[in-house]
2 protein chains.
Amino acid sequence: MKIPSSHPRARSLRHREKIVQGVEQGITSTAGLIAHGRGETFDYLLGEKTHSFARKALQTATAALLTARHPVISINGNVAALLGKELALFSNRWNIPLEVNIFHHTKTREKRLVSYLKKCGAKKVLGSGSGRSKIIPSLAHARRKMHLDGIAKADVVFVPLEDGDRCQALMKMGKKVITIDLNPLSRTARYATITIVDELTRVFLNLEKSMETLHRKSPRFLKAILQSYNNRNILRLAEQTLRRRI
Amino acid sequence: MKIPSSHPRARSLRHREKIVQGVEQGITSTAGLIAHGRGETFDYLLGEKTHSFARKALQTATAALLTARHPVISINGNVAALLGKELALFSNRWNIPLEVNIFHHTKTREKRLVSYLKKCGAKKVLGSGSGRSKIIPSLAHARRKMHLDGIAKADVVFVPLEDGDRCQALMKMGKKVITIDLNPLSRTARYATITIVDELTRVFLNLEKSMETLHRKSPRFLKAILQSYNNRNILRLAEQTLRRRI
């Protein structure tokens, strides 16, 4: 299906196509399609644009990534389908490893995801279900595994599209969690250190720019950004915006 | 996957499973999964319950179906996956034919849907893409076909989960359109004669009861219900509720 650029919903339709392709390639789960639809509704209600609360959270996330000792980006099937190439470039440019960590876990799908990201050009890709893994305490489901050189070691975990339980478990381990969640009311949004209430691909476009700008700044400047940040206020602003726009 | 009844999200997870099974059986499109996710968000925001504006619309829809000369129910892949058996029983009990009419049209999927509904026990199942079909004016896409003994002849078309263009085209043909749409702001919701802002399976549970109660009433009583109904007011109430609940 070719989507003309003139179509008013072209961007949204292209994302939908990418997710459907992800399912066909075996890297995205069918449940991931439903999750994508849930996100679409929130984005639609928020006017499909980046609001100031998201810019503030993104700036803080950038500062957290730049000051981290061991940052890592946790990847699931939807994120890979939508942003495989962009993530590979980002990971290489900033030397932040990618860890494949999927909710609806199968070994086959994990392997496919790892090789897909490598094919996209990523140099450091870890699989949570591989030999060198450890268990995240207090988590029952399949996603309790984490890689020793990835999430286990990380002080800052960037998990776009996380689920509530795991976000809470990572926080309990003392890690900083950055997440992208279009639902400001979700458990993930409320548990995380930094919640970017915005659409995934817009976030990554802005993140690249933000990293280029902020990596020239002093650690002191970056720490001041982190200290002045209040995730609760950000979520409150997002909620208000959601309510006002309906 | 077995979902325990004790799970707080059991109902929602079971629906999700049914839609995924629908895709595996080839009766639901992958795009249908994304649409299901969009609906989930609205249902979540509305508190996953039947509100008074939905009850009022449902009562009016019942009156419209009971006073119709040629009612028909238009079925797509999501509706069949979620409610195949219930719809078959409903169609037989009230002598309302089912017409398979799908947005992402393929002959194979239409055939599968027709035979699936027959397997569920439905006696009158029509396929829009079959020989006895006609074109809905002013519609460009594949869903422009309608069956001569179904939608083409109908005065009242019940289309759960419709798209905006087609809803508008049916209205232009002078038909009464009843729809179920969890988004009170959608074009479908605004174009339709009667919009039930509620979750599909809850609507059908209530519709069965409502039909049993109202079919005993006089045509005059039913017409009074129809005349006192104002879809705009209903949508305004739904919007207000959505805003208040966030």
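A:R243 counts as partly exposed, at 29% relative accessibility (buried means under 20% relative accessible area, exposed over 50%, and partly exposed in between, with a 1.4 Å probe and protein chains only). The side chain of A:R243 meets that of A:E239 in a salt bridge of 3.9 Å, N to O (a salt bridge is a side-chain nitrogen of Lys or Arg within 4 Å of a carboxyl oxygen of Asp or Glu). This is a predicted model, in which local features need pLDDT of at least 70 and side-chain atom pairs count only at pLDDT 80 or more, while totals for chains, interfaces and linings use all residues. Residues are numbered from 1 along each chain as its sequence is written, chains are lettered from A in the order in which they are written, and side-chain values use heavy atoms, without hydrogens and water.

**Helix α10 of chain A**

- A:E239 and A:R243 both lie in helix α10 of chain A, 4 residues apart, about one turn of the helix (helices are DSSP runs of H or I with at least four residues, strands are runs of E with at least two, and both are numbered from the N terminus).
- A:E239 counts as partly exposed, at 22% relative accessibility.

**Interface of chain A and chain B**

- The contact takes 20 residues from chain A and 20 residues from chain B (contact means heavy atoms within 4.5 Å).
- About 2000 Å² is buried between the two chains, and carbon and sulfur atoms give 72% of this area (buried area is the accessible area, with a 1.4 Å probe, that two parts lose on being put together, summed over both).
- A:I34, A:R243 and A:I246 supply 31% of the area that chain A buries against chain B, more than any other three residues.
- Across the interface, the rule finds 8 residue pairs in polar contact, both residues being at pLDDT 80 or more (a polar contact is a pair of N or O atoms within 3.5 Å; within protein, one must be able to donate a hydrogen and the other to accept it, and residues adjacent in sequence count only if both atoms are side-chain atoms).
- On the side of chain A that touches chain B, the elements giving two or more residues are α1 (10-24), α2 (30-45) and α10 (231-245) of chain A.
- α2(A) gives the most to that side, with 11 residues.

**Relation of the copies**

**Salt bridges**

- A search of the whole structure finds 20 salt bridges over all chains, and the rule finds 2 across the interface of chain A and chain B.
- B:R38 pairs with A:E40 in a salt bridge, with the closest N and O atoms 2.7 Å apart.
- A network of salt bridges links A:R16, A:E40 and B:R38.
- A:R202 forms a salt bridge with A:D198, the closest N and O atoms being 2.7 Å apart, and both residues are buried.

**Surroundings of A:L82**

- A:L82 is placed in helix α4 (residues 77-94) of chain A and counts as buried, at 5% relative accessibility.
- Not counting residues up to four places away in sequence, A:L82 touches A:H15, A:K18, A:I19, A:H36, A:L200 and A:T201.
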